[in-house]
Amino acid sequence: MAHLQDDTRYLSNSYLPLGLLNFFVYGTLVIFAAFFQLYLKEIGMNMLEIGSLMAIGPLVSLFAHPLWRYFSDRLRNVRLILLAMLIGLLIIGHLVFRANTFSMLYFTMLLLFFFQSPLLAQTNSLTLGMIENTDRRYGAFRLWGSLGWSFIALTAGPIIDAVGQNGTSVLFSLMLLLSVGSALLLPRSQMTTNTPWITGREIRLTLQNKYFLAFVGFGVLVSIPNAINGIFMPLFMNDLGGSKLEVGGAIFLSTLFEVVVFVLLRRYVKTKITYLMGCLTIVSLLFAIRWDLMGEATHPVQIIFIQVLHAVTFGGFFYVGTRLTGLFLPKPLRSAGQAVYTFALSGAAGVIAGLLGGWLFQNFGPVAMYKLGVIITLLGTIGFAFMWQILRVNGYTPAMAHTPPDEL
């Protein structure tokens with residue numbers, strides 16, 4: 001009995017390091033998301049080079065995620081895998097900031113994305129595993145992550161400017177060291193991701209659903225301009241004379257109301273396919289309006305306020321799209337559907353966004369880049385509206401595609 005009480009007390013004491021781990025991991029990632037592009041510009045890279053460099057991240061993640069997942073399940077120790085990723089990211093990050101040729105930078109960035117891209121997934125797996133069968137909720141630790149993202153976004157700019165030329169490198173390394181320290185304070189436990197592997201047959205059956213494929217295709221059209229904005233918005237603000245503090249402020253405001261939006265969506269949005277398709281069409285239209293406003297912006301402060309729409313547009317698109325993925329497919333294929341949806345909207349869209357956005361920014365400027373984003377988004381919106389009308393008229397019931405008997 002005493003041993004059980006000691007284990008419970010030890011687990012309870014680990015909640016603070018778990019919260020800090022989420023705080024510092026999300027803080028590390030916002031430095032990369034908001035300020036790394038500015039660093040690349042400062043060392044002399046043009047927009048096309050920056051875009052092509054950032055485009056390799058989604059591509060590498062397609063291989064990194066399953067490989068790290070395999071290591072995690074093989075060793076049955078998510079904490080150990082997370083520590084390996086953080087230490088690897090710390091070492092490779094040091095090399096990235098010391099690279100003095102484009103080829104060297106490209107090679108080290110490949111390695112950096114290999115360690116960085118699955119970091120959130122492994123952190124979430126560790127968090128869920130540690131709070132399993134306890135009274136703790138995942139949302140509380142996700143809030144720690146949101147606080148880390150927001151706080152570091154707001155404070156990183158002045159810190160980087162105060163340190164000087166190596167400011168981004170120093171802050172990035174410091175956050176990783178704090179993440180490693182938090183992970184080391186966690187108890188040693190044997191746990192895996194506890195989610196089944198997706199088979200090739202499930203992917204194949206998912207891709208035979210024409211409604212789902214159309215839904216994903218239109219989703220990619222809406223996602224490409226959003227990914228372009230994620231990469232090039234800090235650079236656009238910088239061109240307009242914005243400081244790193246203003247860039248951080250834009251990132252801060254973009255995530256400030258996300259939690260509120262998710263709570264409202266869970267409470268008021270109905271789980272009905274036609275209702276959700278209508279919501280997705282409206283949210284996509286709001287995306288188009290947002291990019292049009294970005295194309296008209298002439299001052300950094302305008303961009304800061306436009307970023308407030310991120311909570312409604314991205315938050316609504318992510319929530320509704322995820323729910324629709326489950327409604328378009330029968331239950332046995334929903335995990336495969338989520339994988340295809342994530343690959344298309346995060347992987348494929350991210351690669352296209354880096355290359356297309358960099359080429360447009362370099363050759364035609366940011367205004368043309370955002371105006372084309374409006375057109376691409378409207379094409380996706382029209383596609384969603386067309387699907388909405390078809391579903392309203394004909395209805396929809398998910399069904400398993402025909403499979404030959406020898407594959408069953």
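Begin by selecting Phe215 and Phe328, which touch the most other members among the 116 residues of the largest nonpolar core. Such a core is a set of buried Ala, Val, Leu, Ile, Met, Phe, Trp, Tyr and Cys residues joined through side-chain atoms within 4.5 Å; buried means under 20% relative accessible area, exposed over 50%, and partly exposed in between (1.4 Å probe, protein chains only). Helix H2 (residues 15-42) supplies the largest share of this core, 16 residues. Helices here are DSSP runs (H or I, at least four residues), numbered from the N terminus.

The model is predicted: local features need pLDDT of at least 70, side-chain atom pairs count only at pLDDT 80 or more, and totals for chains, interfaces and linings use all residues. Residues are numbered from 1 along each chain as its sequence is written, and side-chain values use heavy atoms, with hydrogens and water left out.

Stay with Phe328 and display its surroundings. Apart from neighbours within four places in sequence, Phe328 is in contact (heavy atoms within 4.5 Å) with Asn209, Tyr211, Phe212, Phe215, Ile273, Met277, Met387, Leu391, Tyr396 and Pro398.

**Helix H3 against H4**

Next, select helix H3 (residues 47-75) and helix H4 (residues 78-96), whose axes come within 8 Å and cross at roughly 140 degrees. Axes are lines fitted to C-alpha atoms, for helices over the stretch in contact, and angles run from 0 to 180 degrees between N-to-C directions. H3 and H4 are therefore oblique to each other; angles under 35 degrees count as roughly parallel, over 145 as roughly antiparallel, 65 to 115 as roughly perpendicular and the rest as oblique. H3 passes H4 in a right-handed crossing. A crossing is right-handed if the near helix is turned clockwise from the far one by less than a right angle, and left-handed if anticlockwise.

On the H3 side, show Trp68, Phe71, Ser72 and Leu75; they meet Val78, Leu80, Ile81, Ala84 and Met85 of H4. This contact holds eight nonpolar residues, one polar and no charged. Ala, Val, Leu, Ile, Met, Phe, Trp, Tyr, Cys and Pro count as nonpolar, Asp, Glu, Lys and Arg as charged, and the others, Gly among them, as polar.

Move to the loop between H3 and H4, where Arg76 is found. Its phi is near 55 degrees, a positive value in a residue other than glycine. Arg76 is partly exposed, with a relative accessible area of 45%.

Val78, Arg79, Ile81, Leu82, Met85, Leu86 and Leu89 in H4 meet Leu119, Gln122, Thr123, Ser125 and Leu126 in H6. By class, eight of these residues are nonpolar, three polar and one charged.

Finish at Ile352, in helix H16 (residues 334-364). With 37% relative accessibility, Ile352 counts as partly exposed. Neighbours within four places in sequence aside, Ile352 is in contact with Ile224 and Gly357. Select Gly51 as well: its C-alpha atom is separated by 9.5 Å from that of Ile352, although the two residues are 301 residues apart along the chain.

Methods
Helices (H or I, at least four residues) and strands (E, at least two) are DSSP runs, numbered from the N terminus.
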